[in-house]
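Hi there,

Here is the structure I promised to send over. Please have a look, and then read on for my notes.

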Amino acid sequence: MAQLFTRDTQAIFWNNNISAIQRMLDYDYTIKREKPSIAAIVAPTAESKFQKFFWGGDEIMINLYKTTSEAKKAHPNADVLLNFGSFRTAYDVTMEALDMGGFTTIMITAEGIPERLARKMNAVAREKNVTVIGPATVGAISPGAFKIANIGGTIENIINSKLHRAGSCGLVTRSGGLFNELSNIIAINADGIAEGVAIGGDRFVGSVFIDNLLRMQDNPEVKYMLLLGEVGGTEEYKVIDAVKSGKITKPIIAWCIGTIAKHYSSGVQFGHAGASANADRETAEAKNKAMSEAGIYVPSSFNDLPTKISEVYNKLKADGIISEIPEPAMNTVPKTRRSKQFICTISDDRGDEATYAGFPISSVATPDTGKGIGDVISLLWFKKQYPKWATQFIETVIKTVADHGPAVSGAHNAKVTARAGKSVVESLVTGLLTIGPRFGGAIDGAAEHFKYADDNKLTPVEFLNHMKKLGIPIPGIGHRIKSLRNPDLRVVGLKKFAAEHFPSTPLLDYALSVEQLTTSKKDNLILNVDGTIGILMVDMWRALGYSEIEIDEFISSGTLNAFFIAGRTIGFIGHVLDEKRLAMPMYRHPMDDILYQVDMAEEI
Ligand code: ACO
Ligand code: LMR
């Protein structure tokens, strides 16, 4: 790959480092990137599922994941990993990502990863052809395309240093601070940089000078290169060899810092772990001399570097190799911005016509659209377009649970309330409030417990014992009036639908084997309508390709009971309207139907 990053590059950011990510997004917005450069964030301990960030004056949500593999699975195109883990976790995070594959570049910011581990990590990355930037670095930038975290500093500094669009220089340094300094010098004395990498200050870094310069040699945007080496190590000699052997033909300007070391009698350790000369060849002086002899442009001192840059740049310009770079249009990040209080991810009423998960209402509402209530539910509850068999199953459930006569808990409550003179909505909610673990609301519980048993490969006997230990009746089993002798025909209908339309029904098959056992004890301990719905919904979601985590989240958030709530609302409203039509008087329960056993209260 000739270019490290493009305008389409997206990264997974390991650690929810809000200010660094916001800087990246402000940069993206400024350079008018279409997609944010961060696709996902890995935040192992985060409770929430997303983090809000500003996008210009607006806001966007970036998903949070607990693990790199979850993030990568959800965002397979994100091929850069920005590893902002501490020195304690950075190694493991990198090794896991290398093992997982799918990353072309991994940047590691942590300083202080044990050298033995750093060497191993770098060797594995090299074997897998992954570019590692760092450890101990601020990163890299492809101006006008992609910028890692804090490199380049503030937006003002970025624009002053012409880092908002590609220039002609390929810049490689060890230090991040000097990287920013040099970008500014290059902006003043030339036309900015096409690509820049701060390789990091540790003794053992992933990609070294030569790796980056060879890539820049192949990158047509880079017309010349600037290498800022430093005292210590011999990496600069690899560059000299590449120049001598003709592997690098583009002009290189280079300087090794640390020439002051010669004024000290003993070896000097500079700020970076790698910045100390262990032999004469490793001194800045020796390296500068050797580079100059190889035909690399080496100034006489660091102070002369700007003049050298301007010389090389002007020559390339005069030779027609570099042409004038037009300034691109940019966005301006507003100075003040306000965070939004509410988020909506299901529907949007801002256009001419409101939409359900992107679909205008008119595209699903009328019969000619071929869409039914199952499609509307799949859009508004799940933000997905379910296949016909699944939307028809949802509709079958809604129709099946719409009512079960006036005697059941909820209908009874709604009727009593209506007769007390309350409105439709007031009467309706009293009915809805009865839906719970015993009545109509055992669907979530049935899905949860049967799925647990199936996931853990419990035999039906083991499952029954497990539930006995928990001390709760098995949700989805048992009915007041339905039994083996008086089967619930709703259950028969749902099972028939599943047999005809579902790709497979493994959880239902398991639940039926449990039912055999419970009905052998008592014949009303059947798999009831709640149980059948809960279990078949799990089978449906599995067949639709949802992950187990997603299904568990549906269950724990109460999604399954919502099908009963939506369906039974139809029936409750019917009962309330029935009461109103009949103009029924207030209800008083007959006293002879109540067992009164009221003792005189004792004095205490
Ligand atoms: N799991 C295990 N044992 C049960 C279950 C169950 N789900 N339900 C009843 N039993 C046992 C009782 O503990 C009792 O045992 P015992 O005779 O040794 O004391 C025996 O079966 C008989 O219980 P009953 O009290 O006669 O059952 P009842 O008819 O009162 O209960 C009910 C019906 C409330 C539905 C009950 O079966 C239950 O709680 N089921 C789980 C909740 C559920 O699925 N509700 C949804 C029903 S469908 C709907 O509302 C749309
Ligand atoms: C229902 O759907 O309301 C019933 O299964 C409950 C009942 O007791 O009939």
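Below are some notes on the backbone and the salt bridges.

This is a predicted model, with local features needing pLDDT of at least 70 and side-chain atom pairs counting only at pLDDT 80 or more, while totals for chains, interfaces and linings use all residues. Residues are numbered from 1 along each chain as its sequence is written, chains are lettered from A and ligands numbered from 1 in the order in which they are written, and side-chain values use heavy atoms, with hydrogens and water left out.

Backbone first. The loop between β7 (131–133) and β8 (139–142) holds Pro 135 (helices, H or I, of at least four residues and strands, E, of at least two are DSSP runs, numbered from the N terminus). The peptide bond from Gly 134 to Pro 135 is cis, with omega near 5 degrees. Ala 136, in that loop too, has a positive phi of about 65 degrees without being a glycine. Ala 136 is buried at 16% relative accessible area (buried is under 20%, exposed over 50%, partly exposed in between, with a 1.4 Å probe and protein chains only).

Now the salt bridges (a side-chain nitrogen of Lys or Arg within 4 Å of a carboxyl oxygen of Asp or Glu): there are 28. In one of them, Glu 553 pairs with Lys 49 at 3.2 Å between the closest N and O atoms. Glu 553 sits in helix α21 (residues 548–556) and Lys 49 in the loop between β2 (38–42) and β3 (50–55), so the pair ties together parts 504 residues apart in sequence. Glu 553 is partly exposed, at 33%.

Best wishes
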